[in-house]
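Biologist: Could you walk me through this model? I am new to reading structures.

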Amino acid sequence: MPSAVCGGLAGSELRHRRGRGGPQAARAAVPEEAAEAAAQSPKRPAPGSRPSEGACRWVLLALVTLLAFATRFHRLDQPPHVCWDETHFGKMGSYYINRTFFFDVHPPLGKMLIGLAGYLSGYDGTFMFQKPGDRYEHHNYMGMRGFCAFLGSLLIPFAYLTVLELSKSLPAALLSAALLTFDTGCLTLSQYILLDPILMFFIMAAMLSMVKYNSCADRPFSAPWWFWLSLTGINLAGAIGVKFVGLFIILHVGWNTVSDLWHLFGDLSLSLVTVGKHLTARILCLIVLPLALYTAIYAVHFAVLNHSGPGDGFFSSAFQARLSGNTLHNASVPEYLAFGSVITVKNLRMAIGYLHSHRHLYPEGIGARQQQVTTYLHKDYNNLWIIKKQNTDSDPLDPSFPVEFVQHGDIIRLEHKETSRNLHSHYHEAPLTRKHYQVTGYGINGTGDSNDFWRIEVINRKFGNRIKVLRSRIRFIHLVTGCVLGSSGKALPKWGWEQLEVTCSPYLKETLNSIWNVEDHINPKLPNISLDVLQPSFPEILLESHMVMIRGNNGLKPKDNEFTSKPWHWPINYQGLRFSGVNDTDFRVYLLGNPVVWWLNLLSIALYLLSGSIIAVAVQRGVHLPAEVEGLSQVLLRGGGQLFLGWALHYFPFFLMGRVLYFHHYFPAMLFSSMLTGILWDSLLRLCACGLAASSLASGVHMGGVLSLLLGTAYSFYLFHPLAYGMVGPLAQDPRSPMAGLRWLESWDF
């Protein structure tokens with residue numbers, strides 16, 4: 001593997017150690033001189049050697065940016081209906097405008113920005129975003145699409161500047177920008193209300209900021225150095241604030257930082273105090289600043305979404321008590337649980353709901369034919385239970401009896417209020433979960449048998465042995481069988497009204513499936529307190545929201561007939577993803593990478609591994625290379641190594657994920673592979689030109705090769721652009737179709 005992957009140093013670092021003494025500087029002298037010699041050769045003019053060099057860079061940047069915006073904003077209003085995941089993220093933007101609480105498996109920054117863009121552009125948050133194909137009609141959706149297209153357009157100039165910084169080569173930067181500009185996949189993702197362009201914006205901005213502060217290494221603690229270092233931290237917070245896969249760019253920057261600090265530590269001309277200052281600066285800008293911003297994102301998220309909504313049921317009862325409009329908000333209940341109280345019991349696992357029973361019995365052949373016990377997500381009278389002592393029929397609410405609080409370790413009965421049957425278990429097998437026991441409602445008017453007795457355990461006894469409403473986490477242990485009450489989360493068949501199965505598990509390990517809390521609490525003998533005093537603190541709700549998101553991500557499994565893909569499909573552009581339309585009368589948009597770009601990127605990764613390995617071995621063996629070849633090799637190893645590392649970090653972790661995966665997950669990695677392609681082919685063409693004696697011929701080979709790649713990429717975009725901009729009419733198999741003859745793989749379903 002190329003040494004840059006191990007060293008993590010940018011190409012510009014070839015000159016960073018100048019002026020530092022010690023053995024490290026001496027060892028750096030050879031490649032530095034080679035890089036300078038390469039820069040001064042006639043085949044690669046030195047930066048600033050011509051007065052027009054700087055102007056040319058800015059003119060090209062302006063042209064690249066203009067072309068990026070032109071391609072991304074062209075036909076942005078088409079189609080005028082909901083496409084693919086606009087259903088989710090447009091709806092979530094509406095929730096922010098309406099301040100309605102919801103749940104999503106991703107952090108909130110992307111949806112907040114979409115909502116803000118909609119609000120500022122005049123969208124009122126009233127469109128329902130129910131399903132793909134719903135027409136926007138009079139609703140203003142262009143602000144949200146325009147915001148995503150704006151960020152998607154900036155990816156191209158960011159790539160141009162990043163490659164220019166790493167390679168000091170205008171052709172390499174231009175080629176990388178062209179690959180992204182003319183990629184139909186990047187174009188499609190940038191034109192809709194999605195998180196992907198926002199995520200990729202922060203990833204590319206973090207990468208650009210990192211290579212910029214690397215280039216300032218010879219001016220540590222200067223204003224530009226602080227600016228780029230701080231901006232890197234800000235962009236890292238943005239990336240992880242949009243999706244958790246933003247962690248991959250954090251790992252990339254972290255690796256670069258550790259490598260840089262290691263080199264500084266080995267520079268004997270620097271005092272330990274100076275090295276300590278470098279370490280402190282990076283801790284402040286790359287750890288403390290991103291953490292503070294990330295926390296602030298959630299503070300704004302919780303402050304804005306303060307009304308009850310569809311996300312309530314995913315969170316704990318204490319969390320729900322802070323939401324205006326929720327039945328627990330501003331409610332007053334007794335604080336501690338006592339015998340005779342009427343309660344509801346809520347499972348702590350996400351989307352399980354309340355312990356529930358109803359008069360319907362289990363059908364023949366499903367355990368004992370007794371009353372069904374399930375969990376139910378919604379508020380209902382059949383969620384109410386009365387907590388009683390194990391062996392007494394006296395009414396604990398009788399004024400003549402003193403109040404007796406329920407405590408950890410007490411033996412209790414739970415009597416269903418509506419049917420007067422006790423929560424019961426026995427050795428019959430559960431309906432769906434093998435080796436678990438059935439849970440039923442049993443008895444008449446509260447009179448049953450010894451299988452109705454449960455020992456109550458308090459998991460978090462920071463409130464003492466008493467059971468505190470909302471806050472205490474409790475388990476119910478069956479006294480006879482020793483099993484623990486829980487919910488498997490499996491939906492029962494129609495005979496169980498498709499509610500969720502409740503079982504008694506013989507496996508006593510603490511899991512969220514078997515942990516409950518008391519939510520509603522009615523006891524006329526006890527004084528009520530406002531639930532406001534039981535609301536969790538900000539750190540508690542921050543931790544809970546992350547636990548819920550992580551469980552939600554882990555629970556994302558493919559649904560029946562759902563279109564998914566595998567990570568090995570992605571680099572070869574094996575399958576696309578239908579954004580809109582199916583039939584020839586529909587407006588059809590199909591997410592597919594430009595095959596010329598993607599297959600060139602795949603070839604480039606293979607060539608980079610081969611050429612980089614050869615060069616690394618040659619350098620290690622002390623092979624003498626011509627000055628220009630030495631310089632180009634260092635650019636390829638160091639600058640290309642940064643980009644190869646970025647591609648690997650954004651791609652290979654998906655092989656370890658158990659959640660459902662889609663084609664669009666590869667696009668952050670594709671950004672890095674496109675930039676690597678630009679550097680690789682520019683360097684290889686220059687290396688080929690090195691063997692030619694005539695300067696004009698060498699220049700012609702290099703520029704001809706780059707121009708051929710640019711024209712080939714542009715022409716392939718011309719062929720495949722209907723996939724991104726949309727088409728109506730004959731399907732691809734029809735000769736009249738604009739895509740006729742272009743279905744190069746059978747797996748492309750357009």
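Biologist: Which residues in helix 11 meet helix 12?

Modeller: V253, T257, D260, L261, L264 and F265 in helix 11 meet L272, V275, H278, L279, R282 and L286 in helix 12, where contact means heavy atoms within 4.5 Å. Those contact residues divide into eight nonpolar, two polar and two charged. Please keep in mind that this is a predicted model, in which local features need pLDDT of at least 70 and side-chain atom pairs count only at pLDDT 80 or more, whereas totals for chains, interfaces and linings use all residues. Residues are numbered from 1 along each chain as its sequence is written, and side-chain values use heavy atoms, with hydrogens and water left out.

Biologist: And at what angle do helix 11 and helix 12 pack?

Modeller: Helix 11 (residues 247-265) and helix 12 (residues 272-304) pack at about 170°, and their axes are 10 Å apart. The two helices are therefore roughly antiparallel to each other, a label used for angles over 145 degrees.

Biologist: Changing topic, how many helices and strands does the protein have?

Modeller: The protein has 18 helices and 16 strands, counted as DSSP runs of at least four residues (H or I) for helices and at least two (E) for strands.

Biologist: What domains does the assignment give?

Modeller: The domain assignment gives domain 1 (65-300 + 589-723) and domain 2 (332-530), and the C-alpha centres of domain 1 and domain 2 lie 52 Å apart.

Biologist: How much of the protein counts as buried?

Modeller: Of the 750 residues, 56% count as buried, meaning under 20% relative accessible area with a 1.4 Å probe, protein chains only.

Notes:
Axes are lines fitted to C-alpha atoms, for helices over the stretch in contact, and angles run from 0 to 180 degrees between N-to-C directions. Angles under 35 degrees count as roughly parallel, over 145 as roughly antiparallel, 65 to 115 as roughly perpendicular and the rest as oblique. Ala, Val, Leu, Ile, Met, Phe, Trp, Tyr, Cys and Pro count as nonpolar, Asp, Glu, Lys and Arg as charged, and the others, Gly among them, as polar. Domain bounds come from an automatic or database domain assignment. Buried means under 20% relative accessible area, exposed over 50%, partly exposed in between (1.4 Å probe, protein chains only).
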